[in-house]
Amino acid sequence: MALLHLLYKAATSILKPSKPHIFSSSSLFSTSFLITKTPKKFKKKRKKKDSPRTKLVQTQPNLISHFENFLLRDAHFRFLIKTKEFLSKQRQQVLLLDEAGKLHQQLGFPRGRKVIRSIQRHPLIFQTYRHTDNKMWFGFTEFMDELLREEQGIMNELERERVDVVRKLLMMSVNKRIPLSKIYHNRLLFGIPEDFRDRVAKYPDYFREVVEEDGKRVLELVNWDPTLALSALEKEFLVDEDKVKKAFKFPVKHGKELELDVEGERKLNMLNTLPLVSPYLDGSKLDLWTLEAEKYRVGVIHEFLSLTLEKRAYIHNIVEFKDEFCLTKHTYQMILKQPWTFYLAGTEMNWCVFLKDAYGEDGVLINKDPQVEFNEKLYKCAEIQELKSDSYISTA
């Protein structure tokens, strides 16, 4: 036992760590003063990913300024356009100023700003006045009333053309029917008048209004017109075949061993490009991810834009008709692949697509609708700053 006890003591003394001597080498060279982490000021900052809200669709070398400027103009006149529409539907076309201050979304002025600042930007269009109830109101000026009468005249003259636009939209749609609310929400895009829902009753040979079980009002096509079922692209093909052949590209995948030159590759790709698929076919019958289905969807976007006043549309305009036109969530990527015909402007979250051939090199529409000419006149008048701030208030 004594021997075992001695062996145990010897073993524990060997395994037990000994304290370092005060003059050992480890105590002479302490590392406590060394900085083991890189200071923040020397750290490489990671670049934040661009938000889709702010990231531009086009990179700097590919930007076309006159298309991008249209979006700046839209933002600049947002209050003018939205307030014009909102006021036009109000009783006596006036609005209490205190109430207007709460309607930033409906009137299109920045949240948190005073509405009076936006009103004062357009003295020829809007005016404020103190009513007999001693409250401040605002409405249109007499000059703007004249402009509105002029616009009403244009809409009356072009009513039949707008009817044909709606007929073509119905002919492109699945089941040849579209909810009236969707047409109404996008009426400014096509120059359709505010009271179109009432005017529909005048054309029983073209339209039928159906009220569904949930109360939704749907517009249905009554008669198919083969003369309208000819797309803008097909009409162009009869005039300039080569131009239409270059409009879209659906590349054929091939190996490098073919050693094709530019002309050879163009001829090969033409096998995919032609024949075109009419947007007036029933797209719901096409297999979703086939070449024919993609050609159909590209054709639908082209025809949709050709029916608009300015040959352009925002994402929200297109998405609203997604189900009716058999579009997919990949519409953005699909349009990006066709830069010869379409130009995408704005940001990835709020993009606008243009028909490039509808504009000249100076960025001006080649064929202007009378409504477009009126809108441009309205914008010019809205920029005139002749009235002084004192003349805003009058007594009724």
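**A loop, a sheet and its helices**

A: Asn134 sits in the loop between strand E2 (126-130) and strand E3 (136-140). Helices (H or I, at least four residues) and strands (E, at least two) are DSSP runs, numbered from the N terminus. Keep in mind that this is a predicted model, where local features need pLDDT of at least 70, side-chain atom pairs count only at pLDDT 80 or more, and totals for chains, interfaces and linings use all residues. Residues are numbered from 1 along each chain as its sequence is written, and side-chain values use heavy atoms, leaving out hydrogens and water.

Back to Asn134: its phi is near 70°, a positive value in a residue other than glycine. Asn134 is exposed, at 55% relative accessibility; the cut-offs are buried under 20% relative accessible area, exposed over 50%, and partly exposed in between (1.4 Å probe, protein chains only). Gln92 is another non-glycine residue with positive phi, near 60°. Its loop runs between helix H4 (78-88) and strand E1 (94-96), and Gln92 is exposed too, with a relative accessible area of 71%.

Now for the sheet. Three strands form an open sheet in the order E7-E9-E8, with antiparallel pairing; to pair, two strands need at least two DSSP bridges between them. E7 (312-314) and E8 (342-346) are the edge strands, each pairing on one side only. E7 and E9 (residues 351-355) share three bridges, and Arg312 has Phe354 of E9 as its bridge partner.

Helix H16 lies across E7, E8 and E9, at about 85° to E9. Angles run from 0 to 180 degrees between N-to-C directions, and axes are lines fitted to C-alpha atoms, for helices over the stretch in contact. H16 (residues 291-307) also packs with H9 (residues 159-172) at about 170°, their axes 11 Å apart. That makes the two helices roughly antiparallel (over 145 degrees; under 35 is roughly parallel, 65 to 115 roughly perpendicular, the rest oblique). Val165, Lys168, Leu169 and Met172 of H9 meet Tyr296, Glu303, Phe304 and Leu307 of H16, where contact means heavy atoms within 4.5 Å.

One caution: residues 388-396 have pLDDT below 50, on a confidence scale from 0 to 100. Where pLDDT is low, the predicted coordinates should not be read in detail. The chain averages a pLDDT of 85, and 82% of the residues score at least 70.

Key
pLDDT = per-residue confidence, 0-100.
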